Amino acid sequence: MIQVLICNNIKVFGYVNPYIYIAFIFVYPFKKNRFEILSLAFLLGLCIDSFSNSGGAHAFTTTFIAFLRPYFFRIIFQKTDVDYEFFKLNQEAFGKIFNFTVTLTFIHHFILFSLINFSFDNYLRVLSNTFLSGVFSLVVYFLGNFIFSRKQES
């Protein structure tokens with residue numbers, strides 16, 4: 001709801017807005033059964049699509065990064081399938097969390113803006129939207145994560 005009601009109405013430079021709904025995919029608990037996260041990611045993207053009139057682009061991209069998530073989990077955090085049960089994202093080093101979220105965010109944004117623009121003539125617009133919205137989304141995500149993690153410690 002925050003994404004639809006607030007973030008979609010924030011327009012920096014006229015077209016850049018944060019996509020914080022993908023943070024759900026980052027923080028969702030890691031489990032061996034991937035059907036649950038793939039289903040939830042699809043439903044989340046479908047909800048965003050229904051309010052954004054984007055024709056399924058959000059549903060595809062959220063499902064895609066939910067699909068890629070275990071691969072980056074193994075590569076960046078250097079964990080195996082056995083580690084899923086005991087893994088907590090907030091207990092990892094900031095550098096690894098940063099790499100994980102940045103990689104998935106830019107993959108999400110690049111595919112999303114490629115689907116929305118769907119033309120090779122707009123490749124500069126796709127790249128600029130990907131970069132600017134990606135940076136803005138990451139700033140909002142890490143700032144929110146910092147604020148809410150400080151409240152929980154108190």
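**View 1. Helices H4 and H5 cross with their axes within 9 Å, at roughly 150°.** An axis here is a line fitted to C-alpha atoms, for helices over the stretch in contact, and angles run from 0 to 180 degrees between N-to-C directions. H4 and H5 are therefore roughly antiparallel to each other (under 35 degrees counts as roughly parallel, over 145 as roughly antiparallel, 65 to 115 as roughly perpendicular and the rest as oblique). H4 passes H5 in a right-handed crossing; that label applies if the near helix is turned clockwise from the far one by less than a right angle, and left-handed if anticlockwise. Sorted by class, the contact of H4 with H5 has 17 nonpolar, 6 polar and 2 charged residues. Nonpolar covers Ala, Val, Leu, Ile, Met, Phe, Trp, Tyr, Cys and Pro, charged covers Asp, Glu, Lys and Arg, and polar takes the others, Gly among them.

A quick note on what you're looking at: this is a predicted model, where local features need pLDDT of at least 70 and side-chain atom pairs count only at pLDDT 80 or more, while totals for chains, interfaces and linings use all residues. Residues are numbered from 1 along each chain as its sequence is written, and side-chain values use heavy atoms, with hydrogens and water left out.

**View 2. The whole protein comes to 6 helices and 0 strands.** Start at the N terminus and the elements run α-α-α-α-α-α. Helices (H or I, at least four residues) and strands (E, at least two) are DSSP runs, numbered from the N terminus. Of the 154 residues, 40% are buried (buried means under 20% relative accessible area, exposed over 50%, partly exposed in between, with a 1.4 Å probe and protein chains only).

**View 3. Helix H3 (residues 35-52) packs with helix H4 (residues 57-77) at an angle of about 155°.** Their axes lie 7 Å apart, and H3 and H4 are therefore roughly antiparallel to each other. This crossing of H3 past H4 is right-handed too. Among the H3 residues that meet H4 are Ile37, Leu38, Phe42 and Leu46, and the H4 side includes Ala59, Thr63 and Phe67. By class, this contact has 10 nonpolar, 5 polar and 2 charged residues.

**View 4. Asparagine 53 sits in the loop between H3 and H4.** Its phi is near 55°, a positive value in a residue other than glycine. Asparagine 53 counts as exposed because its relative accessibility is 74%.

**View 5. Cysteine 47 has its place in helix H3.** With a relative accessible area of 45%, cysteine 47 is partly exposed. Its C-alpha atom is separated by 8.1 Å from that of alanine 59, which is 12 residues apart from it along the chain.

**View 6. Histidine 108, in helix H5, is buried, with a relative accessible area of 0%.** Skip its neighbours within four places in sequence, and histidine 108 is in contact (heavy atoms within 4.5 Å) with Tyr21, Ile22, Thr61, Thr62 and Ile65.

**View 7. The largest nonpolar core has 32 residues.** Such a core is a set of buried Ala, Val, Leu, Ile, Met, Phe, Trp, Tyr and Cys residues joined through side-chain atoms within 4.5 Å. Phe26, Phe77, Leu89, Phe100 and Leu104 have the most contacts inside it. H4 gives the most to this core, with 8 residues. Leaving aside neighbours within four places in sequence, the contacts of phenylalanine 77 include Phe87, Leu89, Ile97 and Phe100.
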